[in-house]
Amino acid sequence: MTNKYKMRISRLTIDKLGVKLYDKVSAVIAELVSNSYDADATEVMIEAPMGEYLASKAGGVIADKNFEIKVTDNGIGMTPDEVNNFYLVVGAERRTDDRPRRGDTSPKFNRKVMGRKGVGKLAPFGICEVIEILTSGGEKVTRDGPDGKPDTGYLTAHLILNREDMLKDTEFEYEPGTGSKDNTLRPNSGTTVILKRFAYRRVSTHSTFSRQLSQRFGLPTGSWIIKTRDTTKMKTAPEYETILESFSVETMDNSKITLNGPTGPNLSVKDDTGYCAVGPAGETITEFGAGFHHDGLFYPITGWAAYAKNPYKDDLMAGVRIYCRGKIAGQTAVFNRGAGFHGEHSIRSYLVGALHADWLDEYEDLIQTDRRDILWSHDLGQKFQEWGRKIIHKIGYLARDPMRKKTWERFAEVGKIEEQIVREFPADGQEAIRKTARELARLLGQTIRAGEVDDIEVVEPMVQLSLTLAPHITLDKKLREAADAENTPMAVISGILRTARLAELSSFGRIAEDRLKVIERVQDLKDDQKTAEPKLQELIKYAPWLIDPQWAPITANQAFSTLKKEFEKFYEKNTGQKISLEDFSETGKRPDFVLSSQDNGLQLIEIKRPMHKLTNNEMDRIITYNNQMNKFLDEPGNKEFRDIFRSFHITLVCDDLSLTGAQEVSFDSFRENGTLTHINWKTFLLRTKKMHEDFLAEAEKQKKNVIEPAD
């Protein structure tokens with residue numbers, strides 16, 4: 001004979017408390033595990049296909065893959081009557097129920113129960129269609145078995161909940177189906193919940209699933225254990241079964257605050273006797289205690305908070321976990337503090353902790369139903385916020401020096417500082433410079449934000465700046481020491497000169513290295529068929545040493561600026577054509593040539609795309625430009641320009657020529673009389689790169705020979 005089970009439920013209830021509220025497998029399983037804890041289980045076994053999608057999806061159609069998830073415990077279980085009277089009553093307040101096996105604590109171990117509203121049983125409907133429950137409880141009974149012989153065991157309820165059958169438009173009494181083991185006797189008490197016919201959801205990998213589950217429980221594992229099994233693995237596989245461990249986070253030295261109470265984590269509202277906050281060195285913290293007062297009552301908080309040793313690697317460890325009766329109630333990184341405050345990045349990246357506040361749902365329920373957050377808008381929630389902001393401010397203060405130390409250590413590791421310092425200044429007599437370089441690197445490294453310390457593009461320039469400045473600062477120190485000394489020996493003067501030479505070589509070497517990087521950029525532009533000539537011309541304007549390594553970038557020379565403007569007007573008047581000289585600021589306006597001022601002379605630079613052949617029309621433009629510039633400089637009114645810019649030369653960067661007739665003759669004439677220099681792209685880059693590489697090699701050679709006397 002089977003039992004008749006009834007559940008009074010509405011479609012809205014199932015929708016809001018099941019389908020819409022829980023959509024992660026780990027969150028659903030956590031609800032079932034908390035029920036096992038409340039049932040005084042000492043062992044819970046979870047069996048699931050780890051790392052698998054529970055259903056397939058193609059063309060919008062979801063197909064079940066016949067997987068099952070099973071949660072089994074050895075708790076006190078339920079009898080068929082208890083299933084009807086308690087389990088199938090949704091929303092019943094358990095903690096105030098004075099009937100047997102109900103109430104605020106569990107019947108066997110007096111655990112403070114996690115459940116309160118009786119809605120966790122609907123959580124699986126967020127991921128599946130069918131929930132099968134097999135539970136045995138009550139007192140052991142003896143009755144005649146099917147064979148007529150006495151049978152002893154725990155009375156069993158076996159029922160099946162089907163979401164599709166339960167989704168009705170109006171409230172009604174839903175009658176779950178009964179399974180084959182209903183009203184039988186089983187030798188042991190306990191409950192098994194089997195989930196079937198899944199939505200398109202994925203179970204995390206075994207290791208991740210274990211971390212997700214352990215993060216949701218803040219209870220010591222001495223009185224109960226949770227095991228997980230991967231049903232996709234063979235029983236002999238090492239990763240087939242694991243035991244959940246406490247969720248652990250490695251903390252930064254000297255940053256941890258511990259909140260102690262007289263009776264451990266299961267605390268209720270009471271006076272503040274015996275509660276205190278303790279710093280990393282065992283000191284009592286006076287700015288706040290292990291809880292706060294509100295409306296004449298004390299609300300205790302135990303646990304700990306600190307900075308993590310390393311930044312968050314996932315959302316599970318992000319921020320402070322807040323537990324109520326051992327079950328997660330929320331997680332916060334900054335206790336709802338607004339953005340833009342000092343130290344925000346470190347707090348959001350490093351703050352961790354586990355706080356226990358059992359009062360969160362004792363008198364008024366401040367926990368959101370899905371246990372994703374706390375109702376901070378409540379007046380009690382706001383007091384909790386105020387307390388929390390004090391603790392994170394204190395941790396930020398405590399972690400300031402450890403944070404700087406950690407940032408510096410990471411900065412030194414990423415930038416390979418010691419390796420670069422020794423390579424740059426290897427001689428025994430250069431210890432003073434190496435010491436200065438380390439000091440500079442540490443100073444710069446402590447200014448970098450923790451979030452940038454792994455970015456080599458941020459770190460490397462700071463390291464190079466340390467290497468560049470170290471000889472100069474060492475030189476300054478030596479000069480000051482020499483000035484303060486009454487008699488400066490020749491050895492000291494010799495050391496100063498050597499340091500000065502090293503500083504000079506270091507500076508010019510850094511310039512050469514930067515220029516080689518620019519050359520690599522030009523090489524990329526050259527090989528890119530989409531590169532337009534204006535891009536190349538702009539590079540020449542700001543890096544004229546690409547044409548001749550001895551040329552310097554154009555400075556703000558008023559005479560040169562005036563000459564350009566006057567010549568543009570002169571050219572238009574004589575030829576009827578407007579000309580633009582290196583005006584790169586106007587969008588869409590293509591400069592005709594680059595005009596540069598070098599060595600008291602004018603340099604016309606015409607640069608063509610790689611593989612381009614100079615045409616007769618382009619040569620005509622060069623000829624016209626040359627003739628007009630000579631006429632301009634020869635005019636009596638422009639004598640001042642001729643006195644300043646005594647020569648005029650044309651440099652053409654072009655791979656090949658396609659000239660005929662008069663244009664070819666003019667080109668040859670210009671080249672022979674020194675008016676024009678023609679170089680192809682290969683020579684252009686090779687010559688400049690080799691000269692800078694040769695300089696670097698010679699600088700390195702000389703630096704090794706510039707030995708400073710040992711201190």
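How exposed is aspartate 668 in relative accessibility?

1. Aspartate 668 counts as partly exposed, because its relative accessibility is 30% (buried means under 20% relative accessible area, exposed over 50%, partly exposed in between, with a 1.4 Å probe and protein chains only). Its side chain meets that of arginine 671 in a salt bridge at 3.6 Å, N to O, where a salt bridge is a side-chain nitrogen of Lys or Arg within 4 Å of a carboxyl oxygen of Asp or Glu. Both residues lie in helix α17 (residues 661-672), three residues apart, about one turn of the helix, and arginine 671 is partly exposed at 41%.

2. This is a predicted model, in which local features need pLDDT of at least 70, side-chain atom pairs count only at pLDDT 80 or more, and totals for chains, interfaces and linings use all residues. Residues are numbered from 1 along each chain as its sequence is written, and side-chain values use heavy atoms, with hydrogens and water left out.

3. The structure holds 26 salt bridges, and one of them joins the side chains of glutamate 129 and arginine 163 at 2.7 Å, N to O. This pair links distant parts of the chain, with glutamate 129 in strand β6 (residues 128-144) and arginine 163 in helix α4 (residues 163-166), 34 residues apart (helices are DSSP runs of H or I with at least four residues, strands runs of E with at least two, numbered from the N terminus). Arginine 163 is buried, with a relative accessible area of 16%.

4. Glu418, Glu431, Arg434 and Arg438 are linked in a network of salt bridges. Within this group, the side chains of arginine 438 and glutamate 431 meet at 3.4 Å, N to O; arginine 438 is partly exposed at 27%, and glutamate 431 is partly exposed at 35%.
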